[in-house]
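Biologist: I am new to this structure and would like a close look at a single part of it. Could you take me slowly through the sheet, with the terms explained as they come up?

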Amino acid sequence: MEAPTDISAQTDTVVRPVRDVDAEALGRVHATCWHETYDHLISKAALENVSPKRLAELWTHWAHQGPEFKMFAALVGGEIVGFVGSGPARDRDAPRTRELYFIYLLDQFHGTGIGQQLFDAAVEPDEELYLWVAEDNPRAHRFYARNGFALDGASHTEPFLGETLTEVRFVR
């Protein structure tokens, strides 16, 4: 858990709602985060098909879903380095009415507190919600446990880039 050598990253961080103009940058960061997070779980060939442009198109849609959706970006030195999204539960058998959809942060900013800032922007204190996370992602599991989540025993296998990814559910 090494922090970046540039300590100014911590003092120059802004977390703000996602804007239309962020779509392209979010697409690039999203693609990079997928590589950094899933390289050990998904084949390199599948990950090479991740298109920052396609992810940017998705972000254009995600930014306009209504007030019950919370989408935030973290910027360091004016550049997006991570993002988070939460909103109404998507699962029919959801254990809570709200879901944390995703939180991604570029590897170089892990351990700086920016991930926590993103989480805090999208999740109310003591808010009851759930999330799905890759089964083989111990760093994320520790992060969610620190934030009051616990595994509830549910898991599923999701199609992901033409392959499969096993996810487990955390609830608080």
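Modeller: What follows is a walk through the sheet, from its strand order to a residue in one of its strands. This is a predicted model, in which local features need pLDDT of at least 70 and side-chain atom pairs count only at pLDDT 80 or more, while totals for chains, interfaces and linings use all residues. Residues are numbered from 1 along each chain as its sequence is written, and side-chain values use heavy atoms, with hydrogens and water left out.

The protein chain holds 6 helices and 7 strands, where helices (H or I, at least four residues) and strands (E, at least two) are DSSP runs numbered from the N terminus. Read from the N terminus on, the elements follow the pattern α-β-α-α-α-β-β-β-α-β-α-β-β.

In general, strands of a sheet pair through backbone hydrogen bonds, either parallel or antiparallel. Here 7 strands form an open sheet with mixed pairing, in the order β1-β2-β3-β4-β5-β7-β6, and two strands are taken to pair if DSSP finds at least two bridges between them. At the edges lie β1 (13-17) and β6, each of which pairs on one side only. Neighbouring strands of this sheet are turned on average by 25° against each other, with direction ignored; the axes behind such angles are lines fitted to C-alpha atoms, for helices over the stretch in contact, and angles run from 0 to 180 degrees between N-to-C directions.

Within the sheet, β4 and β5 run parallel and are joined by 2 bridges, and leucine 100 has leucine 131 of β5 as its bridge partner. Helix α2 packs on the sheet, touching β2 (70-76), β3 (79-88), β4, β5, β6 and β7, and its direction makes about 85° with that of β3. Helix α6 also packs on the sheet, where α6 touches β4, β5 and β7 and has a direction about 160° from that of β5.

To end on one residue, aspartate 152 is found in strand β6. Aspartate 152 counts as partly exposed because its relative accessible area is 36%, given that buried means under 20%, exposed over 50% and partly exposed in between, with a 1.4 Å probe and protein chains only. Leaving aside neighbours within four places in sequence, aspartate 152 is in contact (heavy atoms within 4.5 Å) with Pro95, Arg169 and Val171. Tyrosine 130 lies 22 residues from aspartate 152 in sequence and 9.6 Å from it in space, C-alpha to C-alpha.
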